[in-house]
Amino acid sequence: MTVDESNQEDRALALYGVYVIELREHALALIWLGYRRMKATDFVVAEEDAITGELVKHMKSAIEDNKAPAWAEHYSVSEQVRSDLKSKLGKNRPIVDVELERHKRGARPRLRFEAKRLYAGSGVSEYVGAEGLGAFLDGYYSRTHNGAGMLGYVQTQTETFWAGKLGAKLTAPGYRITDGGDWKHLRVVAASPYTYQTIHSDVEGLQLFILHSLLSFCVS
């Protein structure tokens, strides 16, 4: 490899890192834009897949809106996306609920979200369990980079109530929270005001940032 080629590769890696950081903020903003186009009270007792389908539909609509932020043209969103794993092929590949993709030349940054309902009697076990947060931590879903996300569909109580429950639950050693990576409220412009972050060590010992966005579908 020549010096010029090495410099180009370094610049490409640095730019990829910038796009990954932007993707986190823009993904949260697009989720919020899609959510605000929904009539939330129509989904008080809806199943997870029904809510996710409508949310993604409205996110796509927000992206294609002529009044969308200029950066929105660089993104696409998909639901029910297969996760590529060497150990699983075809229909045996696990399916993640939502994927945001940043369009660019070369490797495209992607951010995946798993969704879970938060409702009376559910507790937070499904949210943090093997088919929720655990799917990212245990490598069931393949890594796209060092970040992933969770969507919490609040159908009873409030976002603050469930944030407290989740923050308390994730103190357990099994969730491998890193030093300083405890449940933290994030203030992200144009995103859900109930956005949080945790930082974990995944099954391979690699750092994994998890974004948590709580969306209310309760009757006000």
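Predicted model: local features only at pLDDT ≥ 70, side-chain atom pairs only at ≥ 80, totals over all residues.
Student: How many helices and strands does the protein chain have?

Tutor: Helices (H or I, at least four residues) and strands (E, at least two) are DSSP runs, numbered from the N terminus. Here you get 5 helices and 7 strands, and along the sequence they run α-α-β-β-β-α-α-β-α-β-β-β.

Student: What share of the residues is buried?

Tutor: Buried means under 20% relative accessible area, exposed over 50%, and partly exposed in between (1.4 Å probe, protein chains only). Of the 220 residues in the protein chain, 47% are buried. Contacts are worth a look too: a contact means heavy atoms within 4.5 Å. Take the contacts between residues at least 6 apart in sequence, and 62% of them join residues at least 24 apart.

Student: Now helix H2. How far does it reach from its first C-alpha to its last?

Tutor: The expected span of a helix is 1.5 Å times one less than its number of residues. H2 (residues 48-64) has 17 residues and reaches 25 Å, close to the expected 24 Å.

Student: And which residues of H2 are buried?

Tutor: An α-helix has 3.6 residues a turn, so residues three or four places apart point the same way. In H2 the buried set includes Ile51, Leu55, Met59 and Ile63.

Student: What does Leu55 touch?

Tutor: Leaving out residues up to four places away in sequence, Leu55 touches Ile31, Gly34, Tyr35, Met38, Leu151, Tyr153 and Leu215.

Student: Which residues have the most contacts inside the largest nonpolar core?

Tutor: In soluble globular proteins, nonpolar side chains tend to be buried together. A nonpolar core is a set of buried Ala, Val, Leu, Ile, Met, Phe, Trp, Tyr and Cys residues joined through side-chain atoms within 4.5 Å. The largest one here has 31 residues, and Leu55, Leu100, Phe113, Leu151, Tyr153, Leu215 and Phe217 have the most contacts inside it. Elements giving two or more residues to this core include helix H1 (3-36), H2 and strand S1 (75-82). H1 supplies the largest share, 7 residues. Apart from this core lies another, of 24 residues, among them Tyr127, Ala163, Leu166 and Tyr196.

Student: On to charges. How many salt bridges are there?

Tutor: Side chains of opposite charge can pair when their charged atoms come close. The rule for a salt bridge is a side-chain nitrogen of Lys or Arg within 4 Å of a carboxyl oxygen of Asp or Glu, and the count comes to 12.

Student: Which parts does the pair of Glu99 and Arg110 tie together?

Tutor: Their closest N and O atoms are 3.8 Å apart. Glu99 sits in strand S2 (residues 95-102) and Arg110 in strand S3 (residues 110-118), so the pair ties together parts 11 residues apart in sequence. Glu99 is buried at 7% relative accessibility, while Arg110 is partly exposed at 27%. Arg110 also forms a salt bridge with Glu101, at 3.4 Å.

Conventions:
Residues numbered from 1 in each chain as written. Heavy atoms only, no water.
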